[in-house]
Amino acid sequence: MTDFDPFETPVTQTDGPVIIPRERKSSSNIASIGYDQNRCLMDIEFRPTSKGSEKKVYRYENVPLDVWKSREDYTSLGSWVHSMIRNKYKYTTFTEAAK
């Protein structure tokens, strides 16, 4: 299995490659997050749960821009994900090897 790096490797979807740049975060559970306004896609990279384990990235679909912007109203990024994203949007996952 080839390591996947969303910062360098496009995700192939029916409409072609989609790269969502992610911003690194200092959250205890979330390593990085990014949003594609044109496609309403959001990627959240969660920190590995144990040393050497793979990074898990969730790609959420149909996330409205106002929901994306609402993260600024929360002091905790994890609380925002739990309140505004989790169990509300369809998602796919992919993994990356920890470096």
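The legends below describe close-up views of a predicted model of one protein chain.

**View 1**
Along the sequence, the elements follow the order β-β-β-β-β-β-α-α-β. The chain has 99 residues, of which 40% count as buried. Of the contacts between residues at least 6 apart in sequence, 42% join residues at least 24 apart. The chain exposes about 6,400 Å², and carbon and sulfur atoms supply 47% of that area.

**View 2. Helix α2 and its buried residues.**
Helix α2 covers residues 77–85, and its buried residues are Leu 77, Trp 80, Val 81 and Ile 85. Seen down the helix axis, these buried residues fall within an arc of 100°, so they line one face of α2. The cover over them includes strands β4, β5 (41–46) and β6 (55–60), together with helix α1 (65–69).

**View 3. The two ends of helix α2.**
At the start of α2, a side-chain oxygen of Ser 76 comes to within 3.4 Å of the backbone nitrogen of Gly 78. Beyond the other end, α2 is followed by Asn 87, which has a positive phi, near 65°. Asn 87 is a residue other than glycine, and it lies in the loop between α2 and β7 (91–96). Most residues other than glycine have a negative phi. Asn 87 counts as exposed because its relative accessibility is 71%, and the cut-off for exposed is over 50%.

**View 4. The largest nonpolar core, with 16 residues.**
Met 42, Ile 44, Tyr 60, Val 63, Trp 80 and Ile 85 touch the most other members of this core. The elements that give two or more residues to the core are β4, β5, β6, α1 and α2. Helix α2 gives the most, with 4 residues. In soluble globular proteins, nonpolar side chains tend to be buried together.

**View 5. The surroundings of Met 42.**
Neighbours within four places in sequence are left aside in this view. The residues then in contact with Met 42 include Ile 20, and also Ile 33, Gly 34 and Tyr 35. Tyr 58, Arg 59, Tyr 60 and Val 63 are in contact with Met 42 as well. Trp 68, Trp 80 and Ile 85 complete the list. Of these contacts, Tyr 60, Val 63, Trp 80 and Ile 85 are, like Met 42 itself, among the core members that touch the most others.

**View 6. Strands β5 and β6.**
The two strands pair in the antiparallel sense over 5 bridges. One of the residues involved is Phe 46, whose bridge partner in β6 is Lys 56. In β6, 5 of the 6 residues are buried, so this strand is largely enclosed by the rest of the structure.

**View 7. Asn 62 in the loop between β6 and α1.**
Phi of Asn 62 is positive, near 55°, in a residue other than glycine. Asn 62 is exposed because its relative accessible area is 57%, against a cut-off of over 50%. Apart from neighbours within four places in sequence, Asn 62 is in contact with Cys 40 and Tyr 89. Asn 62 and Cys 40 are 22 residues apart along the chain, and their C-alpha atoms are separated by 4.9 Å.

**View 8. Ser 70 in the loop between α1 and α2.**
Is Ser 70 buried or exposed? Ser 70 is buried because its relative accessible area is 12%, and buried means under 20%. A polar atom of the Ser 70 side chain lies 2.6 Å from the backbone oxygen of Val 67. With neighbours within four places in sequence left aside, Ser 70 is in contact with Trp 80 and Met 84. Trp 80 is also one of the buried residues of α2.

**View 9. Ser 26 in the loop between β3 (23–24) and β4 (30–36).**
Ser 26 counts as exposed, with a relative accessibility of 78%. In sequence, Ser 26 and Leu 77 are 51 residues apart, while in space the distance from C-alpha to C-alpha is 9.4 Å. Leu 77 is one of the buried residues of α2.

Terms used. Residues numbered from 1 in each chain as written. Predicted model: local features only at pLDDT ≥ 70, side-chain atom pairs only at ≥ 80, totals over all residues. Heavy atoms only, no water. Buried < 20%, exposed > 50% of the residue type's maximum accessible area, 1.4 Å probe, protein only. Arc of directions from axis to C-beta. Contact = heavy atoms within 4.5 Å. Polar contact = N/O pair within 3.5 Å; in protein donor to acceptor, adjacent residues only side chain to side chain. Pairing = 2+ DSSP bridges. Core = buried A, V, L, I, M, F, W, Y, C linked by side-chain atoms within 4.5 Å. Areas by Shrake-Rupley, 256 points an atom, 1.4 Å probe, with all protein chains shown as cover.
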